[in-house]
Amino acid sequence: MQEPSFCAGPPAAAAIDSHDREQQYEEEQQQKQQQQVPRISTLQLSSHTSANDLWISVHGKVYDVTPWLSSHPGGDIPLLSLAGQDVTDVFLSFHPSYAFDFLPRFLVATLEDYGVSAISSDFRRSLADFKKAGLFRISLAFYLLSALVILALFVLCIVGVLLSKNLLVHLGSAVLLGYMWSLCGWIGHDAGHGRLIGNPAFDTWMELLVGNCLTGISISWWKRNHNAHHISCNSVEYDPDLQYIPLFAVSSKFFSSLYSYFYDRKMNFDSIARLFVSYQHWTFYPVMAVARINLFAQSMILLMSKKRIPNRVSEIAGILIFWIWFSSLLAYLPNTKERVAFLLISFGVTGIQHVQFCLNHFSSPVYEDRPNSKIWCHAQVKGTLNISCPAWMDWFHGGLQHQIEHHLFPRLPRHNLRKISNLVKVLCDKHGLPYTTVSFWEANLMIIQTLRTAALEAKDFSKPVPKNHIWEAINAQG
């Protein structure tokens, strides 16, 4: 719920304690109130929502970030999704403290009716407490160990294929490769939130290595997709992690051929989509086993598009490096049957991770319309669930077992998520928010039940494919 870091790596000034920086920012902004800055209402703020006129508010100060839209390291989608709103909670969640340094140049007004809800106040206090406690500090030892494991798996896979002619050794190498991809996925997930060692140059190269070179997946695609997901968690129109028409629909809301504001197109629920969705509870796991193919395709589509992509040439070069070593590895196998088996096994092993990314959200409540920053905490908590597991199984889940904590505090290193889980539960209980925790197997059962419910609705051929009347009205001619 990169980060969406909306800003690149930290400058030297980031050494200042983040809480002190934010307090300093507040004092500076209070002084600015004495200047001749107009005061506007929340209603007036809400009228500035287009790409050519985009305003947001942080701590009651209004900023015209239109010029920043094309340069925003987190991409344009988060800003467009929350345009015209006070985004304080979101800003604090996804940004390091030095991001406040970028704001004053865009100041245009203050909000005359700015207020802070009880849950937002408690959320911000918890965030400050976690920072003071040092929970946002990155463990270099953790990532060094992860890197060594990834290297060992990669070397063992290559050695197993090149130095052995035994079928079982080759298939075992495919298992090792699939698990290596999963570990790279966890590292890429952390990198997407700006949580590696904190050095911009090093982090960029690590992102390209574990993303593009070792897995064949564009780190820019991952950041763009994941940022949008966090900002609009479980919005059927804005969250790309729910938009799998024609293959899957987690809710009958998709039967109305909704418009995707991420893909900028209509998601047609036609007869083909109805057919696929009618059997989605049977096809879910087989599709997840080969879902990596879609990630390859989405990466190339983005890199070949006209969208602004940082380090585009390096990203494409990284993808080419992946396909060179991976195709060479496959070519070294003795026959086509082994190559196919190697592909299916390696894809299938990492397919477990694709299932894990779905478990936290597919069975949670969904909603229509834009994300609303006023209910930021509510949306993040209601749109996800946790997976219960002992601490020694954390390696398997990669931080997704504490998904509620992650969506509320996305910049918190995953090796510290378990430390705040009890405090987050107290926060949820105090404000009447669900803190849903189920076992891994229960989560799988829930997702199949969710898909089956929607499948049975889609399978009712006595009902015609619904039309999206709002869409038709907007696009009516004459």
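Trainee: Which helix gives the most to the lining of the second largest pocket?
Mentor: α7, with five residues. Helices (H or I, at least four residues) and strands (E, at least two) are DSSP runs, numbered from the N terminus. A pocket here is an open set of points on a 1 Å grid over the protein atoms alone, with protein on both sides within 12 Å along at least five of seven lines; lining residues have an atom within 4 Å of a point.

Trainee: What should I know about the model itself?
Mentor: It is a predicted model: local features need pLDDT of at least 70, side-chain atom pairs count only at pLDDT 80 or more, and totals for chains, interfaces and linings use all residues. Residues are numbered from 1 along each chain as its sequence is written, and side-chain values use heavy atoms, with hydrogens and water left out.

Trainee: Back to the pocket. How many residues line it, and which lie nearest its centre?
Mentor: The second largest pocket has 38 lining residues, and Trp221, Tyr244, Asn294, Leu295 and His354 lie nearest its centre. Elements giving two or more residues include α7 (167–192), α9 (219–231) and α14 (336–359).

Trainee: And its volume?
Mentor: About 820 Å³. A volume is the space filled by probe spheres set on the grid points, which are joined across faces, edges and corners.

Trainee: New topic. Which residues touch the most other members of the largest nonpolar core?
Mentor: Tyr63, Leu408, Phe409 and Val424, out of 40 residues. Such a core is a set of buried Ala, Val, Leu, Ile, Met, Phe, Trp, Tyr and Cys residues joined through side-chain atoms within 4.5 Å. Among the elements supplying at least two residues each are α17 (403–408) and α18 (417–430).

Trainee: What does Val424 contact, leaving aside neighbours within four places in sequence?
Mentor: Ile404, Glu405, Leu408, Phe409 and Tyr435. Contact means heavy atoms within 4.5 Å.

Trainee: Which residues are in the second core?
Mentor: That separate core has 38 residues, including Trp221, Leu303, Phe326 and Leu330. Trp221 is also one of the residues nearest the centre of the second largest pocket.

Trainee: Last one, His59. Buried or exposed?
Mentor: Buried, with a relative accessible area of 15%. Buried means under 20%, exposed over 50%, partly exposed in between (1.4 Å probe, protein chains only). His59 sits in the loop between β3 and β4 (61–64). Val87 is 28 residues away from His59 in sequence, and 8.2 Å away C-alpha to C-alpha.

Conventions
1 Å grid on protein atoms, 1.4 Å probe; cavity = no way out; pocket = protein on both sides within 12 Å on 5 of 7 lines; lining within 4 Å.
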